[in-house]
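Here is a briefing on one protein model. Please look over the sequence and the structure before reading on.

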Amino acid sequence: MGQRESMKSTMLQPLRNGALALRPCAADEGGEPPCSEVLRDGRITGKRVPGRVLEAALDCSDGRTLLFTTDAELYDESLGIHLLDRSLEVLDSASIGIADANEHFHLLMVHGQSLSFRFGGEGDWSLELLESAAARLPFLGDPPGVHRPFGFMRHFKLAEAPRPVPAP
């Protein structure tokens, strides 16, 4: 394989309808956050992700899958972003918590290995999928409102930009 072929960028594209779905897990008495089991082509996989509602699923040309989930909580919504490997193991995860959110998730644009979306707040968000895991310092480097599990690696970057103000 030539050097040009080995440097191909990962491309994101919407997953075909029904390829992946979520089935909410039974409510837990211990106060655990809502989770769902991942179904592939309608079959149980034994894999779970945080969230109850699948907002969007994108296929990465390298076999990874990017999921956007919400908890279906009125006025206190949280958006989960989960990057899964070929066997549906979570590689990276982040959540955006918006108190008193009055908007739902909207996928705005997908271009190459980046995408933009809208979720609550006053800004639009962008996500860049990294070709390989990159080092990160826990609790640093993500915009306010973004939470990740403790760890030293990340597979995607998030950024928030203010929405343009409409002309009067």
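This is a predicted model: local features need pLDDT of at least 70, side-chain atom pairs count only at pLDDT 80 or more; totals for chains, interfaces and linings use all residues.

Residues are numbered from 1 along each chain as its sequence is written, and side-chain values use heavy atoms, with hydrogens and water left out.

**Overall fold**

- Helices (H or I, at least four residues) and strands (E, at least two) are DSSP runs, numbered from the N terminus.
- Along the sequence the pattern reads α-β-β-β-β-β-β-β-β-β-β-β-β-β.
- The protein has 168 residues, and 39% of them count as buried. Buried means under 20% relative accessible area, exposed means over 50%, and partly exposed lies in between (1.4 Å probe, protein chains only).
- Take the contacts (heavy atoms within 4.5 Å) with a separation of 6 or more: residues 24 or more positions apart account for 42% of them.

**Positive phi angles**

- Asp 41 is not a glycine, yet its phi is positive, at about 50°. Asp 41 lies in the loop between β3 (35-40) and β4 (43-50). Asp 41 counts as partly exposed because its relative accessibility is 34%.
- Leu 88 also has a positive phi, of about 70°, although it is not a glycine. Its place is the loop between β7 (76-84) and β8 (90-99). Leu 88 has a relative accessible area of 4%, so it is buried.

**His 155**

- His 155 belongs to strand β13 (residues 153-162). With 14% relative accessibility, His 155 counts as buried.
- Leaving out residues up to four places away in sequence, His 155 touches Arg 64, Leu 83, Leu 91, Asp 92, Glu 128, Leu 129, Leu 130 and Ala 133.

**Aromatic rings**

- Two values describe a pair of aromatic rings: the distance of the centres and the angle of the planes. Rings of Phe, Tyr and Trp (its six-membered ring) pair if their centres lie within 6.5 Å; planes under 30 degrees apart count as stacked, over 60 as edge-to-face and the rest as tilted.
- By this rule there are five aromatic pairs. One of them joins Phe 105 and Phe 117; this pair is tilted, with 5.7 Å centre to centre and 35° between the planes.
- The pair links distant parts of the chain, twelve residues apart: Phe 105 is in the loop between β8 and β9 (106-111), and Phe 117 is in strand β10 (residues 114-118). Both Phe 105 and Phe 117 are buried.
- Ring pairs join Phe 68, Phe 105, Phe 117 and Trp 125 into a cluster.
- Arg 148 has its charged end over the ring of Phe 156, 4.6 Å from the ring centre. The rule asks for NZ of Lys or CZ of Arg within 6 Å of the ring centre and within 35 degrees of the ring normal.

**Largest pocket**

- The largest pocket holds about 190 Å³ of space.
- Its lining has 17 residues, and the closest to its centre are Pro 50, Ser 78, Gly 80, His 82 and Ser 95. A pocket is an open set of points on a 1 Å grid over the protein atoms alone, where a 1.4 Å probe fits, with protein on both sides within 12 Å along at least five of seven lines; lining residues have an atom within 4 Å of a point.
- β6 (65-70), β7 and β8 each give two or more residues to this lining. β7 gives the most, with four residues.

Definitions and conventions
Grid points are joined across faces, edges and corners, and a volume is the space filled by probe spheres set on the points.
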